Amino acid sequence: MPDPRFSRYQDGTGNDLETMTSLTRRSFIGATVGAALSPSFARALPATVDVAVVGAGAAGIAAARRIVAAGRSVVVLEAAERIGGRCRTDIAAFGVPCDFGACWFYNVDNNPVARLGPAHGMDVYPASRGQRLRIGRRNAREGELEDFLAALVRCDRAITDAAAGKADLSCAQALPKDLGILRPAIEFYMGPFSCSRDLVEMSAADLAKSVSRNIDAFCRQGLGALVEKLATNIPLERAAAVTEINAFGRSNVDIATARGRLTARAAIVTASTGVLASGKIKFAPELPKRQADALVRLSPGHYERIILELPGNPLDLQRDDLVMERAEDERTAALLANVNGSELCYVDVGGRFGRTLSARGPRAMTEFAVSWLSGLYGVDVGSRLRRSHVTQWSGDPWIMGAFATAAVGAQGSRRILMEPHRDRVFFAGEAVHETQWGTVAGAWESGERAAAAALRLFGIGPKPQPQPAERRQPRRR
């Protein structure tokens with residue numbers, strides 16, 4: 001018998017989904033009218049512009065801000081009806097800010113997006129320094145937690161040592177062989193949770209080169225809301241999916257979109273590697289084989305969020321408590337509890353298990369999260385559940401997955417994507433950052449770097465110098 005809390009709807013790919021958020025006739029009509037009257041549909045695209053930016057995620061917004069600051073004309077072309085890419089804060093589902101995508105800042109002292117928050121009226125606050133590990137239905141004792149953290153440090157060191165070898169290995173191959181019962185938890189923490197992919201599929205050289213991912217801060221209004229705030233006053237066109245980028249001209253780039261054509265002196269492409277590898281955007285001339293191969297070898301991983309509204313704090317956790325379990329296999333998750341002091345709990349899954357679970361649909365995802373938490377805490381979570389929501393990033397036609405991870409032997413692919421195409425088409429995004437891939441900060445810095453390269457076509461900025469390998473900060477846990 002159908003659960004009355006669920007209603008059915010279709011996502012943008014035409015797949016039937018289930019959700020606990022009902023869609024009324026009035027809200028549907030209101031959304032349709034609002035879209036029809038939005039500025040995106042009320043005006044034509046500019047015929048010419050100095051720089052066209054493809055994609056309104058963190059990288060695209062960063063690039064556009066840099067170009068506006070330099071006094072050149074720019075337009076951001078976004079395929080979807082919303083901006084932010086994989087940074088999305090929603091208020092409608094639960095009545096409080098809820099991040100469907102990126103939700104925390106890594107290494108906040110050096111994070112350009114976190115630094116911009118307070119100046120734009122957004123509250124960035126520190127994350128709890130604690131971390132909980134569940135063993136069965138109890139919290140790990142102090143010594144057990146120390147053993148887990150020490151094992152993580154050992155594994156990190158082993159991957160770094162493996163990366164110094166002549167041949168690249170998978171991260172799984174590089175791990176110590178004596179991890180025992182800690183291995184599944186460590187593989188989840190370092191792989192699906194931190195990088196959206198299982199360690200067996202990831203390049204040790206790529207992970208070793210990345211900076212540590214220490215959760216340092218949150219944004220009270222939502223990280224997605226902050227990214228959207230940073231797009232204020234930027235010329236931006238929604239529902240303008242780019243279908244072709246023609247760089248055959250001597251000095252211009254002709255761009256075809258779902259809403260018409262325009263010409264630019266340069267283009268900055270920030271679409272995900274999944275979208276680019278799918279061929280949704282055609283390049284003329286075609287991308288060199290080395291860049292086309294790089295897109296495939298930097299394919300997006302899988303990371304989805306199951307959001308549960310649990311009134312009364314039945315798990316007896318603090319605000320923003322991060323909880324892992326000493327898992328026995330890959331069927332595990334991470335819990336971020338009482339997000340920003342609310343009644344929302346994020347249950348995050350990733351890697352192969354996350355992909356398989358997501359393919360089974362929202363109901364199966366919610367049932368897993370309820371069962372998993374009930375088993376960890378001995379509480380009937382299902383009876384306490386008020387509402388839920390799940391993400392489907394892999395099924396989003398303009399996202400097609402989580403962040404880009406490098407296959408074994410493909411670490412150099414990030415640098416290959418930094419090469420301009422025909423000297424006036426530049427790539428940006430988290431995939432195009434060697435040390436901060438998979439992060440909002442990395443996407444932002446990549447966008448700024450691509451903008452600087454485009455501005456040199458106008459004689460703005462220093463001449464390019466031979467680019468040294470990016471320096472990594474020491475990885476720390």
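How do strand E13 and strand E14 pair, and over how many bridges? Let's start there. E13 covers residues 242-246, and E14 covers residues 253-257. The two pair in the antiparallel sense, over four bridges. Take one residue as an example. Glu244 has Ala256 in E14 as its bridge partner. Together E13 and E14 form a hairpin, with six residues between them.

E13 also pairs with strand E16, residues 282-284. Here the sense is parallel, over three bridges. Ile245 stands opposite Phe283 in E16. Strands of a sheet pair through backbone hydrogen bonds, either parallel or antiparallel.

Now the whole chain. This is a predicted model, so please keep that in mind throughout. The chain has 16 helices and 22 strands. There are 477 residues, and buried residues make up 55% of them.

Look at the E10 end. E9, residues 132-135, pairs with E10 in the antiparallel sense over two bridges. Arg134 stands opposite Asn139 in E10. Ile135 has Arg138 in E10 as its bridge partner. E9 and E10 make a hairpin with two residues between the strands. Gly136 in that hairpin takes a positive phi, near 65 degrees.

E9 is also joined to E18. Three bridges do that, and the two strands run parallel. Arg134 turns up again, with Glu325 in E18 as its bridge partner.

What packs on this sheet?

Which of its residues are buried? They are Gly351, Phe353, Gly354, Leu357 and Ser358. Seen down the axis of H12, these buried residues fall within an arc of 130 degrees, so they line one face of the helix. Here is the helix rule behind that kind of picture. An α-helix has 3.6 residues a turn, so residues three or four places apart point the same way. The buried residues of H12 pack against helix H7, E17, E20 and H13. After H12 comes Gly361, whose phi is positive, near 105 degrees.

Now the aromatics. The structure holds nine aromatic pairs. One of them is Phe353 with Phe368. A pair of aromatic rings is described by the distance of the centres and the angle of the planes. For Phe353 and Phe368, the centres are 5.1 Å apart and the planes are at 65 degrees. That pair is edge-to-face. Phe353 is in H12, residues 351-359, and Phe368 is in H13, residues 362-377. They are 15 residues apart. Are they buried or exposed? Both Phe353 and Phe368 are buried.

The charged end of Arg213 sits over the ring of Trp437, 4.2 Å from its centre. Lys280 lies over the face of Trp398, at 4.9 Å from the ring centre.

Last stop: Ala333. Where is it? Ala333 is in the loop between E18 and E19. With 0% relative accessibility, Ala333 counts as buried. What does Ala333 touch, leaving out residues up to four places away in sequence? The list is Phe188, Val323, Val347, Asp348, Val349, Phe368 and Trp372. Ala333 and Val323 are ten residues apart along the chain, with their C-alpha atoms separated by 8.9 Å.

Key. Residues numbered from 1 in each chain as written. Predicted model: local features only at pLDDT ≥ 70, side-chain atom pairs only at ≥ 80, totals over all residues. Heavy atoms only, no water. Phe/Tyr/Trp six-rings, centres within 6.5 Å; stacked < 30°, edge-to-face > 60°. Buried < 20%, exposed > 50% of the residue type's maximum accessible area, 1.4 Å probe, protein only. Lys NZ or Arg CZ within 6 Å of the ring centre and 35° of its normal. Pairing = 2+ DSSP bridges. Arc of directions from axis to C-beta. Contact = heavy atoms within 4.5 Å.
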